[in-house]
Structure formats: structure tokens, C-alpha cells
Amino acid sequence: MDPIPVSADHHDPYAKPGTLTPAGAEPVVRAIDLQKFYGSNHVLRGVTMEVFPSETVCLIGKSGSGKSTLLRCINFLEEPTVGFIEVDGLRVAADPLRPRNRQHQEQIRQIRLRAQMVFQEFNLFPHMKVIDNLVEGPIRVKGLSRDQAIATAEKYLDKVGLAEKRDEYPGRLSGGQKQRVAIARALTMEPKVLLFDEPTSALDPTLVGEVINVMEELAHEGATMIVVTHEMAFAREAADRVYFIEGGTFVEVGPPDQVIESPRDPRTREFLARTFGKAHVPSADTDTALPSDADTRATQVRLKSQWSPGSQGATSYGPVGHRNEPG
Amino acid sequence: MAMGVGGPGLIGRVSAEDGFRLAHPDVIVAQIAASRARAGLRFRMIFVLTWIVLVGGLAAALAESGKVDPSFIAKWGPFILQGIPVTLFVSVCSIVLAVVFALFGALGRLSRNPPIYAIATLYVSLVRGTPLIVQIIFVYLALPQFGIVLDALTGGILALSFNYGAYLTEIFRAGVEAIPRGQREAAQALGMTERSIMRRVILPQAIRIVIPAIGNDFISMTKDSALVSLVTIQEVFWRAQNAGTQSFRTFEALMIAAMVYWVMTIVFSLGQERLEKRMAEGDVRL
């Protein structure tokens, strides 16, 4: 096999600071020439991606396209085969031959402190109360005192609107509430970037909205987020950039109004057509297609690029119309 | 067609006076519940009655045969019953110790460290591959050859717990493996170390899963503890055997011992059932 070329100086040609990014900021996340093999299956074929502070970036693509793998490589839940991950200035090279090496493990732990993940299946700890789920990381990993940790946890629990569920066990919460607790758990670690792995795919359609609302609020407040999602409505409204991935490479990257509204690559078009259940032709008379021009204009009121503190409209997500079937 | 209140009016009663009258659904629901309750009660009553007939009949037949000596039971019964605390002591100590063995055994069986895994696997294989009775006598009679002399009680408890620990090891390991992979991943994603993932996230959940299994093993243990009579521990079976052979009344003696074990297992099984129910309710939290 040919040697796999890796250059640590690669830059993401599509990266550009988001609308909320402070001037002169460096990327907070960089994935450089990332490749991942499962056995002989080449899942990621050299992707380079940079995310600036306060940006929201959405990864979209078919299942099996490598989007979740890319996300899981960023916090080393999957050890990349080749490449580098950099989070908040800490750069770690893939070390697939010695993944359990002590020093490597410590570096990975440092990356994970900075890049917290929200899972599709929530993965709350069922034997712990909500509040204990939240403080477990800060106490065990960051070494906070219990009082400090609880103060932080309560702040974020309140933020996701579940302050009153503090002493419940996760088993007594709805799926949407569980996911909001999971988001609060990630926030309580006060990471530099939040990674969302299809956060609404395991939810009943009626519960998607409450989770999306929390995520939109975070995006609008300047959290740095990388979101693997099938929720095109979320991508359209909250993302600064959308990466369409297929066959382990980026096919099309750009702001959502380009990639989702008027995709150039035929593969992107095909994917979106399938996602929306019909040809990707904006039309005014169906509620499953993309919004018509009039709808788009109405939507733009809530677009991140035009958002300013205090202007949040109540975004309502119904189960119909905005809910898109996974492609 | 006329429809009954809240239903398609096909369920009803015909009587000479009323003609065709529709029953209210609530009435029918209540009738179904009452009929279910009656059937359940009837089942239980016949069950108890059958047991009384069988056991009582057997007891009556034995008494009638004249071959059973009631004076033996009066005389030696209390002596045999005095073995109950010993049996319970041996069982409780052994199960507690077995859980400790199993915890380390399971951690070893889950270890990625080759020698530790090998040791744990050898333990399970060796102990499960040899008879319990051999292990008990081995501790008592064979170890002294190497200068290791344990008193009967210690040796008996050690042998029992070592044996049960091996079986529980595999149950514990399965319990740990039953925890969804997402739990480990979530803990990893928080940045927790392998050690605290095991201690704070995996083991607490695994132990919940295996508590019913520990209860089952405890019930078996109360019966298998009869084997330590071989090393002169004066528990129920030892006492029964000695009382019986002494006065050539083995039947009476063994019957008393059997009844004691039977009643103990029934009591513990009821406790076990309640525990499992509690755990199932606890699942609401899980």
C-alpha cells in the first residue's frame, strides 16, 4: 500500500471565523488529515477541518458516511489511524499502535476535558440522581469540591430548564429531558467545544423540539459546537458552516444557505433529496419540502447571522414539517 | 342498529323478563375483574389443599405404619435443630467471602493484563472442574500434609466460599459485560480514568444486576453447607446423621434434617422473591 501522506500543516480551506467569533481568534478544534480504518474498511479518507470559537458546525451525510466516526475521533472515542487532533491548542497525534500508552491516554483525557460529547442514546448514569450525573465529572476529573461542582451543575441544569429535576433518577425522565440533562452534564465540565452525535435521533418526534431549542440557544450564545445531525432545520438556522461528508471525505462545505439551500454537488443534492423525501426543488405547496422563498425569509429572522442578544423569538418545532427522516 | 353507551352493544344479556338488554361497559369490566379474582383464589386454594393431602397423607401413612418412632423425634429433634445456627453461620460467612472472591475473580477475568487474566481463569477452571466434596476434604485432610492446618469451621467456610466464588465470578463478569457500552463511553468522554469508570459507573450497576444471582447462590449454599459435616462441623446434617446412626433411627433423623433444609429454602426463596420485586421496582430508576 502507498504510504499515507500526512502533513501537520494542513489547513481547512473552508474554515472561516463565524459570525460570533472574536476577532483574531485561532481555531479551537482542528482535525488534520484524519484517516480511520476499521480493519480494511477505509471510513475516513483524510479529512481536515477547523472550527473557530463560537462557531456551530454541522456534519451531515448518509449513515455510514463517516460523520459520526469523525466526531468520535475528535475526542478519541475512536482512535484515528492517521492524523492529528487539536483542541484548544493541545495537539495529539493518532497512535493506533499503542493506544493504551500511558502518556497517550493522559493526552486523550486532556482532549476530552476540552471537548465534551452529547450522545444519541444520552448515556446518563442510571444509578445516579440527575445532580450526581452532572457533578461526577467535575469532582472526579477536574478535582472540584462538591459544593463548587453542585453550584456549576445547578447553573447549567437551570439553563436547560430542568432545575426541578435535580434529585430525580434519569429513569423517571422523558427522552427529551434525558438529553437536556446530558447536555447539562457536558456543559458542567465547561468545555471549549461541545460535540453532538445525532442528539435527537433516539427521540420521539414530539420531543425533538425541546432539545433543538436548547441547542439553538447554546449556538446563539456563542458556544462552540460540532453537531452530527439529520435535523436540516437546525443546521439551516444555527450552523455557521455545514460539512457534507460522503465516503469518508468532504464533498461540499459552506454556509447552510449554500450547502442546504442550493447545493452544487450532485451527491449533496441526492442526499438532500432523500432526506426531504423528494426532489430537492423548493416548492411552495408542500410542507415536507424545503421552505419556499417566503418561508425562508420568515426563517431568516431567527438565523444565527442576524441574531443578537435579546432578540430570540420563540422557535417552535412541531413534529411535522421540520422533522426530517434520517437519510 | 342500536348502540350501547360507549360500545358497540354486542355484549349483553338475554333474560325472559328484560328481553335483550345492553350491559354497561363498566359493569362488564367489573365482572371480568371479579371472575379473574375468583379463578385466582380457586387456583390457590386447590394448590394448598393438594399439598395438605400429599404431605399430610404421607405423614399419616408413616405414623400409621408404626415404623416411625415419635419418641426419637421428641428426644433428638432439639439436638438436630441446634444445628440450624451453625448451618446459617457457615452459609452466611461463605456467601460473603464468595462475593469477595468473585469480585476479584471477575476483575481478573475482565483484565487485559495477561498474567492476571490467566490467574483468574485458572481459578475458575480449576474450581469448577473439580467436585466440591473433593475440595472440602482437600482443605481439611490434604493441606495438613503441607503444614497448613485450618480448624474445621475455617476450612469448611474457606472451601465453600472458594468454590462458590468461582461460579459467582462468571456471573459477576457477565453482569459487568451486560452494562451497555454507552455507559463506559459516557464516562470516558467525561475524562474519567479506567479505574474510576469501573468503580463509579460500571460496578455499581453490575452489582444491582447480580444481586438476585447472589440470593440464588445463597439458597444453594444453605443446602451445600451440609457437605461440611464431612469435616466434623456440627451443623444440621452432621447432627442428624450422628443422632440417627447412634440409635439406628436414620429415617427419622434424616427426615428432620430434610425438613429443616426445606423450610429454610422456602423462607429464603420468599425473601428472594421480595428482593427481586424490589429490584424490579428499582428498575424504574434505572
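What covers the buried residues of α7(B)? I looked this up first, and the cover includes α2, β6 and α3 of chain A together with α8 of chain B.

**Basis.** I note that the model is predicted, so that local features need pLDDT of at least 70 and side-chain atom pairs count only at pLDDT 80 or more, while totals for chains, interfaces and linings use all residues. Residues are numbered from 1 along each chain as its sequence is written, and chains are lettered from A and ligands numbered from 1 in the order in which they are written.

**Helix α7(B).** I took helices (H or I, at least four residues) and strands (E, at least two) as DSSP runs, numbered from the N terminus. Helix α7 of chain B covers residues 181-190, and I found A186(B), A187(B), Q188(B), A189(B) and L190(B) buried in α7(B). I call a residue buried if 20 or more other C-beta atoms lie within 10 Å of its own, exposed if 12 or fewer, and partly exposed in between, with C-beta atoms placed from the backbone. G191(B) follows α7(B) and has a positive phi, near 100 degrees.

**Contact of the chains.** I counted 21 residues of chain A in contact with 18 residues of chain B; contact requires C-beta atoms, placed from the backbone, within 7 Å. On the side of chain A that touches chain B, the elements giving two or more residues are α2 (102-114), β6 (115-118) and α3 (130-140) of chain A. By class, that side of chain A has 9 nonpolar, 6 polar and 6 charged residues. Here Ala, Val, Leu, Ile, Met, Phe, Trp, Tyr, Cys and Pro count as nonpolar, Asp, Glu, Lys and Arg as charged, and the others, Gly among them, as polar.

**Helix α8(B).** I then followed α8(B), residues 194-224 of chain B. A straight helix of 31 residues would span 45 Å at 1.5 Å a residue, but α8(B) spans only 38 Å between its end C-alpha atoms; the expected span is 1.5 Å times one less than the number of residues. At I202(B), α8(B) bends by about 45 degrees, and a proline, P204(B), follows within four residues. The bend is the angle between axes fitted to the seven residues ending at a position and the seven starting there. Buried residues of α8(B) include I202(B), A206(B), V210(B) and M221(B).

**Packing of α6(B) on α8(B).** Helix α6(B) (residues 152-177) packs on α8(B) at an angle of about 150 degrees, with the axes 9 Å apart. Axes are lines fitted to C-alpha atoms, for helices over the stretch in contact, and angles run from 0 to 180 degrees between N-to-C directions. Among the residues that meet are L160(B), Y164(B) and F172(B) of α6(B), and I202(B), A206(B) and D217(B) of α8(B). I counted 14 nonpolar, 1 polar and 2 charged residues in the contact of α6(B) with α8(B).

F76(A), not a glycine, has a positive phi of about 60 degrees, and F76(A) lies in the loop between α1 (67-74) and β4 (82-87) of chain A. F76(A) counts as buried because it has 23 C-beta neighbours inside 10 Å. T232(B), also not a glycine, has a positive phi of about 65 degrees and sits in the loop between α8 and α9 (236-246) of chain B. T232(B) counts as exposed because it has 12 C-beta neighbours inside 10 Å.

How values were computed: Two residues are in contact if their C-beta atoms, placed from the backbone, lie within 7 Å.
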